[in-house]
Amino acid sequence: MESLKMALFNGLALVMMLLISAEAQGEDINIVNLATAPASAPFSSPPVSAPAPAPHYVNVSNVLEQAGQFKTFLSLIAGTQAETQLQTQANNTQQGLTLFAPLDGAFSSLRPQYKAMLSKLTDEQKTSLVEYHAVPMFYTLGQFQTLSNPLSTMGSYKFNVSAFGAQVNVSTGLVNAPLTSSIFSQAPVAVYEVNKVLLPEEIFGLPIPSPAPSPTPVSAPTPALSPSAGVQSPLSSSDHTNGAAHTWHLNAKDLAIQSGLAMFGFLFLLLNQQCV
Ligand SMILES: *[C@@H]1O[C@H](CO)[C@@H](O)[C@H](O)[C@H]1NC(C)=O
Ligand SMILES: *[C@@H]1O[C@H](CO)[C@@H](O)[C@H](O)[C@H]1NC(C)=O
Ligand SMILES: *[C@@H]1O[C@H](CO)[C@@H](O)[C@H](O)[C@H]1NC(C)=O
Ligand SMILES: *[C@@H]1O[C@H](CO)[C@@H](O)[C@H](O)[C@H]1NC(C)=O
């Protein structure tokens with residue numbers, strides 16, 4: 001009886017270690033549609049003692065090109081020094097890269113004022129704008145929950161990221177952009193889709209008041225965020241044009257880890273019960 005219990009206990013401990021190591025490696029399943037990711041995927045990792053796989057070389061431009069809907073962003077990148085900077089950062093496997101890529105539609109739906117400003121940017125400003133869409137660190141979706149704001153981008157400007165469950169927003173002060181899809185997420189590179197161009201106030205100036213009838217959120221005070229809180233309260237939106245709030249499903253890995261933890265707890269209690 002005692003040895004059976006030990007064997008069961010050891011088995012459970014191994015499952016726990018596998019789950020934790022899968023989480024630590026940040027092995028996000030490479031998905032476009034998070035809802036349909038296979039639930040069994042996280043268990044394909046080899047046992048803990050296996051050597052870590054060699055870091056993956058990711059061609060950033062190629063990822064964007066393959067995705068198909070980032071032609072404007074790609075041409076913006078191609079015209080600047082940021083192209084090499086992005087790839088150099090992606091090659092840096094210690095830190096990696098998280099890129100927020102605006103869809104073509106994000107550029108075409110910019111307000112006329114911003115379109116005009118965009119077309120007149122200097123080369124230096126274009127580089128800054130591209131750099132503003134990149135963070136010099138690899139972040140999985142789950143890690144956005146615990147980041148402290150503001151977040152330094154690859155350039156000299158910062159933005160805030162707020163997350164609640166699987167919903168993540170990037171807020172620049174001028175725009176509030178929800179992450180609408182995970183294009184690529186495999187250490188050391190993550191590419192997330194946003195449906196708005198991230199406009200830094202430093203280049204595009206202070207917010208232009210929204211046309212009526214939407215209330216002007218600029219004057220509404222944002223409640224102070226408690227730095228100790230893991231999950232932050234939603235930021236006030238400075239752009240009401242996007243009504244669609246994208247609710248994401250937790251990815252398969254997170255669910256597997258959670259159910260693994262629950263199962264472990266349950267069996268642990270059961271074992272203790274039988275000890276008495
Ligand atoms: C990266 O991908 C782009 C676009 O597909 C391609 O033009 C370029 O040659 C690739 N770079 C390397 C180093 O493979
Ligand atoms: C990134 O790494 C790849 C593969 O090692 C290499 O071909 C490419 O030149 C590197 N790019 C930069 C900008 O360092
Ligand atoms: C970003 O967060 C900081 C600290 O919580 C806050 O002071 C600042 O106003 C926020 N900025 C934006 C644009 O939301
Ligand atoms: C994200 O922004 C939307 C508005 O676009 C808002 O409804 C939602 O509460 C925000 N979520 C977070 C986590 O900040």
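Q: In this predicted model, which exposed residues does helix 4 carry on the face turned away from its buried side?
A: T84 and T88. To be called exposed, a residue may have 12 or fewer other C-beta atoms within 10 Å of its own.

Q: Which residues of helix 4 are buried, and what puts them on the same side?
A: In helix 4, residues 82-91, the buried ones are A82, L86, Q89 and A90. They span an arc of only 100° around the axis, so they share one side of helix 4. An α-helix has 3.6 residues a turn, so residues three or four places apart point the same way.

Q: What covers the buried residues of helix 4?
A: The cover includes helix 2 (60-67), helix 3 (71-78) and helix 7 (123-131). Strand 1 (97-102), strand 2 (134-135) and strand 7 (189-194) are also part of it. Helix 4 lies across these three strands, at about 140° to strand 1.

Q: What makes strand 2 and strand 3 edge strands?
A: The open sheet has seven strands in the order 2-1-7-6-5-4-3, with mixed pairing. Strand 2 and strand 3 (151-152) each have a single partner strand, so one side of each lacks a neighbour in the sheet.

Q: Why do strand 1 and strand 7 count as paired?
A: Pairing takes at least two bridges. Six bridges join strand 1 to strand 7, and the two run parallel. L97 stands opposite V189 in strand 7.

Q: Why is V197 called buried?
A: The cut-off is 20 or more other C-beta atoms within 10 Å. V197 has 26, so it is buried. V197 sits in the loop between strand 7 and helix 8 (201-204). Leaving out residues up to four places away in sequence, V197 touches P102, A106, F107 and L110.

Terms used
Residues are numbered from 1 along each chain as its sequence is written. Chains are lettered from A and ligands numbered from 1 in the order in which they are written. This is a predicted model: local features need pLDDT of at least 70, side-chain atom pairs count only at pLDDT 80 or more; totals for chains, interfaces and linings use all residues. Helices (H or I, at least four residues) and strands (E, at least two) are DSSP runs, numbered from the N terminus. The arc is that of the directions from the helix axis to the C-beta atoms. Two residues are in contact if their C-beta atoms, placed from the backbone, lie within 7 Å. Axes are lines fitted to C-alpha atoms, for helices over the stretch in contact, and angles run from 0 to 180 degrees between N-to-C directions.
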